[in-house]
Amino acid sequence: MSADHEQWMSKALDLAKSAEKAGEVPVGAVIVRDGQIIGEGYNQPIGSSDPTSHAEIMALRDAAGNEKNYRLPDATLYVTIEPCTMCVGALIHARIGTIVFGAREPRAGALVSNLQLHEQQFYNHRPSISEGILAEECGQLISDFFTARRSK
């Protein structure tokens, strides 16, 4: 496992904890290019009343604004949980080069758990995928969140 992958995923975990503090599902994401963060975000659909405000989308919006470009080739997204269908679609359209995620999402994950959406032939861009970076920490954060929510 690359030390760089762990460094960036740790930053995504910090962002996920910010989401949790705000009462959101704890998912965080950073977009990195050339060793620098160009965008970051965390889940905020509840607080923003916007169902599209997933961590990956917020990081894409931040990076696109910072780069003044809706395309982000050669960039890597680090996200704590496997992206959903909406987020994978957005990442493909943004031309993200690599998607790195921590823990699988067995219900809604659209990269390895279910659809393998990035491998569909109708897309003209296919990002590379890496999984399992700090998977235990990423999975435990979200598991603890839902355990606490169910006990209320």
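This is a predicted model: local features need pLDDT of at least 70, side-chain atom pairs count only at pLDDT 80 or more; totals for chains, interfaces and linings use all residues.

Me: Why is Thr 80 called buried?

Reply: Buried means under 20% relative accessible area, and because Thr 80 has a relative accessibility of 1%, it counts as buried. Thr 80 belongs to strand β3, which runs over residues 76-81.

Me: Which residues are in contact with Thr 80, once its neighbours within four places in sequence are left aside?

Reply: Contact means heavy atoms within 4.5 Å, and the residues that meet this for Thr 80 include Met 9, Ala 12, Leu 13 and Ala 16, together with Pro 26, Val 27, Gly 28 and Cys 138.

Me: What makes a group of residues a nonpolar core, and how many residues has the largest one?

Reply: The residues must be buried, of the nonpolar kinds such as Ala, Leu or Met, and joined through side-chain atoms within 4.5 Å. The largest such core has 45 residues, and those with the most contacts inside it are Met 9, Ile 31, Leu 60, Leu 72, Leu 77 and Ile 96. Elements that give two or more residues to this core include α1 (3-21), β1 (28-33), β3 and β4 (98-103), and α1 gives the most, with six residues. In soluble globular proteins, nonpolar side chains tend to be buried together.

Me: What does Ile 96 touch, not counting residues up to four places away in sequence?

Reply: Ile 96 touches Ile 31, Leu 60, Leu 72, Ala 75 and Leu 77, and also Leu 91, His 125 and Pro 127.

Me: How do you know that the span of α3 is close to the one expected?

Reply: The expected span is 1.5 Å times one less than the number of residues; for the 13 residues of α3 this is 18 Å, and the helix reaches 18 Å from its first C-alpha to its last. Its buried residues include Ile 57, Met 58, Leu 60 and Glu 56, and what covers the buried residues of α3 includes β1, β2 (36-42), β3 and α4.

Me: What lines the largest pocket, and which element gives the most to its lining?

Reply: The largest pocket has a volume of about 570 Å³. Of its 24 lining residues, the closest to the centre are Val 25, Ile 81, Glu 105, Ile 142 and Phe 146. α5 gives the most to this lining, with five residues, and by class the lining has twelve nonpolar, five polar and seven charged residues.

Note on methods. Residues are numbered from 1 along each chain as its sequence is written. Side-chain values use heavy atoms; hydrogens and water are left out. Helices (H or I, at least four residues) and strands (E, at least two) are DSSP runs, numbered from the N terminus. Buried means under 20% relative accessible area, exposed over 50%, partly exposed in between (1.4 Å probe, protein chains only). On a 1 Å grid over the protein atoms alone, a cavity is a set of points where a 1.4 Å probe fits but cannot get out, and a pocket is an open set with protein on both sides within 12 Å along at least five of seven lines; lining residues have an atom within 4 Å of a point. Grid points are joined across faces, edges and corners, and a volume is the space filled by probe spheres set on the points. Ala, Val, Leu, Ile, Met, Phe, Trp, Tyr, Cys and Pro count as nonpolar, Asp, Glu, Lys and Arg as charged, and the others, Gly among them, as polar.
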